[in-house]
Amino acid sequence: NVEESVVSSSLDALECVELLERLGAPAGELQGAYLASRAVAMESALGDAEQTVSTSAVTDPRAFVVSLSATFLEDFRETAGEYAELFKDREPLVSLGRTLLQRYFAVVKRGLAGGAGTLDVTPAKGLMAALAQMAADLSGINRLVPEIRLGDRASEVVETATRGRVGAAFMALELKLADAIKKTGADVEARVTNEGDEPGAFLLRCFVELSDVLLAGVKEALADTRSLLEERPVMVASWREEFESLVRGHATSTLDALLARLTHASGTGQSAAAAASTSGSASPLAPPSTRGAAPAPLLLVFARLASFMETDGVPHIARELQSFFPASSEVNQSLFVEEAARVKSAGAADALVRAYVDLSARRLSLMIRQSIAMCEWNGMNEPRDVRSVASFVVTDLEAVEGETRLILEDGGHGSGANDVPGSGSGIKPLTGIERGVADLFRDKDSGRVFNETVDPTQASVLGAVTKSALKSFTECVRTVPSFNRCGYQQIQVDAAYLDRHVARFASIEEDRAGV
């Protein structure tokens, strides 16, 4: 071939080609033979690089690009320059160049996407240095084969790598949030408390840890993406507005994914499949495949986090976005709408609080229902004391009070409790209790006094659970076919006990009236 002819004689490549043409060798064969011999080394270099990126992540992106330039681009540059001197027909060179450079760009994209989907993402400084090195290395080759339009291809790789790096930064944030949520769930189930911790203090600590991960993670992600701009501004200048829109869009998607994960714990959120189809990607925050409400204490932690996002978290993130990426257009501003995010957060908090109230109320209702169903009310003896179920109800409400203390805003709980009839040390006249018990059998619409609105505050939650428990007591008493005199008196004793002890759990005026 041409190379062998050059080696075995004192002729240079140009003289060798001219000699072979005089001897009748077709020009097409000479071009093909020359390019085929030079392509062997270049294909080998690309194959080695493809093997590298398929087996391990690239830790030093600039070193990777420099190495690939030395083993492949230098060879291609020499080949293109020499080919231009030897042959006039450029089509074979352009065709080979397109094929080889397509593989080159593909392997560079894979190499510079290292760390995506993990916490160990490629440093922004290293990535932009690698992209700048690639652009510089290609500039000389572009002058040799302008038909391939390497400038456009290089710009495409820069934009793709930068977009991927922004996505990787927010994916790392979602991984941190998912890990924090998983850890919180495990801690709550194991009830890992410090010695002397009351339930509310423990749950408050869990919330603080989650909120810290959220706020610190968002700031880190924004600073990380901002450094992509600051490192090589010229490389993003032509599409800077799109870049900022991309960051705001990712911030919105991450918050939506977090709220969906929290809401799913209430048993009312999207299924895993629906969440995945909505987000369009496999987010680390995607809800688990199992459905159903989480443990009641965990619901409180999630509800507090969602409520915090509404009042403080979302406004803080909006300020951080404006600080790092001042919105330069209405389009950018519309990609992260603070008010819409706060409304979603409020909706998540409402769903989680309602789920907590529902779980607590169901637990009490089941206890009351079983207790009343097990009694032979027509064969009751004279009551000597309150039945244990009444004291269990009060104990359970005290547990709810302990869980909601500190983790939720008090909402006025405890204020004016001493003004509630029956909450003091004095005992109401028995005739009043008799009238109240008799009302259980007459007022079929008593459920109307139970307001369904539940705010994420201790007062509202306690009031809702208390009213639900008393409503269950009322409805279960109505289901009893008949009472003897002693059975009726036992209901009076139980009602008197509840009247004295549960009123303090209702702090809101409307709840007091219902209780």
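Setting aside neighbours within four places in sequence, Phe72 is in contact (heavy atoms within 4.5 Å) with Met42, Ala45, Leu46, Leu100, Leu101 and Tyr104. The model is a predicted one, where local features need pLDDT of at least 70 and side-chain atom pairs count only at pLDDT 80 or more, while totals for chains, interfaces and linings use all residues. Residues are numbered from 1 along each chain as its sequence is written, and side-chain values use heavy atoms, leaving out hydrogens and water.

Phe72 and Tyr104 also make an aromatic pair, stacked at 5.6 Å centre to centre with 25° between the planes; ring centres of Phe, Tyr and Trp (its six-membered ring) must lie within 6.5 Å to pair, and planes under 30 degrees apart count as stacked, over 60 as edge-to-face and the rest as tilted. Phe72 sits in helix H4 and Tyr104 in helix H5 (residues 91-112), so the pair ties together parts 32 residues apart in sequence. Both residues are buried, that is, under 20% relative accessible area with a 1.4 Å probe, protein chains only. Together with Phe76 and Phe105, Phe72 and Tyr104 form one aromatic cluster.

Helices here are DSSP runs (H or I) of at least four residues, numbered from the N terminus.

Terms used
Helices (H or I, at least four residues) and strands (E, at least two) are DSSP runs, numbered from the N terminus. Buried means under 20% relative accessible area, exposed over 50%, partly exposed in between (1.4 Å probe, protein chains only).
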